[in-house]
Amino acid sequence: MTTGKLDGRVAIITGSGGGLGAECARVLSSHGAHIAVVDINGEAAQQVAESIEAQGGQAMGLCTDVSSEESVEAMVAAVVERFGRIDILHNNAAVLDVGQRQSDRDICNLDMAAWDRAIAVNLRGAVLCCKYSIPVMLKQGKGSVIFATSGLGVQGDLSLTGYATSKAALIMLPRLVAAQYGKQGIRANAVQIGLAPAENAHESMPAQLLDILRDNHMTPELGTPRDIANVVAFLASDDASFVTGSTLVADGGFSSHTPSLVAMREFFEQSGRGGM
Ligand SMILES: NC(=O)c1ccc[n+]([C@@H]2O[C@H](COP(=O)([O-])OP(=O)(O)OC[C@H]3O[C@@H](n4cnc5c(N)ncnc54)[C@H](O)[C@@H]3O)[C@@H](O)[C@H]2O)c1
């Protein structure tokens, strides 16, 4: 049984062999979409696709390097061959492994190979997936493109220079897609994702760090992959038919408040003023 919100729609979700992408695959499937589970880790993609099919959904796993034009072109052709159309493209893939995080540092200490990788996968990858998927959507006269961006794409931080720069560009891309193809029925939006680690990822983070992060959220708890997947499902669906060229912020208010808010709240608590 599905909700029917995305019945028969075909969704490509890149980087969906794990993490938020896999949760998006499961949630979009629960709304009736057929899913192309795309990842550079083909085995992981296959496993996610099989788990969706075991739940009664339709899915195919594809081993694709989104930074390679040949690989993306072949992936889109395979999706069209199996499902006959493309209604949703969620550009979720990003290179985020430990080695990449350790070498994508502040500018003076930046490993340029890590910069190149971040731009190639996170940005060029999203452009390539658009380049090959949008022509299919144009033939149908309808489509929704979604980009996974991050608070780090709009706020300065100490490290991850390449990642942050790629994520900033992913806020511009939906505006370009909306401007270039909106009249032909294509919508495009970004989701500015806050901290939404998989449930077990919380456990690997120091409690003190989690407290700092929780204090800076304007929600009682941190986000989960399901919170993000629900936003992606909304943008993919006709419920968002008048939403295009925008960035929807899904970060529990992390980027919505004054930088001094947490320190001010502590100050008011300590001085016993104002019940803040
Ligand atoms: N998890 C968060 O808290 C958070 C916060 C802000 C933004 N985001 C964004 O959400 C998206 C998903 O994040 P996540 O935490 O699930 O990351 P993740 O590392 O768990 O998943 C990324 C996936 O992309 C795949 N991938 C890497 N390189 C690829 C390539 N060249 N081609 C195809 N696939 C490739 C990986 O194999 C992996 O399965 C990313 O775009 C990330 O920037 C996540």
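What follows is a chat about a predicted model, its sheet and its ligand.

Colleague: What should I know before looking at this model?
Modeller: It is predicted, so local features need pLDDT of at least 70 and side-chain atom pairs count only at pLDDT 80 or more, while totals for chains, interfaces and linings use all residues. Residues are numbered from 1 along each chain as its sequence is written, and side-chain values use heavy atoms, with hydrogens and water left out.

Colleague: In what order do the strands of the sheet come?
Modeller: The order is S3-S2-S1-S4-S5-S6-S7, an open sheet of seven strands with parallel pairing. Strands are DSSP runs of E, at least two residues, and helices are runs of H or I, at least four, numbered from the N terminus; two strands pair if DSSP finds at least two bridges between them.

Colleague: Which strands stand at the edges?
Modeller: Strand S3 (59-63) and strand S7 (246-250) do, each with a single partner strand, so one side of each has no neighbour in the sheet.

Colleague: And how many bridges join S6 and S7?
Modeller: Five, in the parallel sense, with S6 covering residues 186-193. Ile 193 has Ala 250 in S7 as its bridge partner.

Colleague: Now the ligand. Which residues come nearest?
Modeller: Leu 20, Asp 39, Asn 92, Tyr 163 and Ala 196, out of 24 residues around the ligand (a heavy atom within 4 Å).

Colleague: Which element gives the most to that shell?
Modeller: S5, with three residues.

Colleague: How far is Asn 92 from the ligand's oxygen atom?
Modeller: A backbone N or O atom of Asn 92 lies 2.8 Å from an oxygen atom of the ligand.

Key
Polar contact = N/O pair within 3.5 Å; in protein donor to acceptor, adjacent residues only side chain to side chain.
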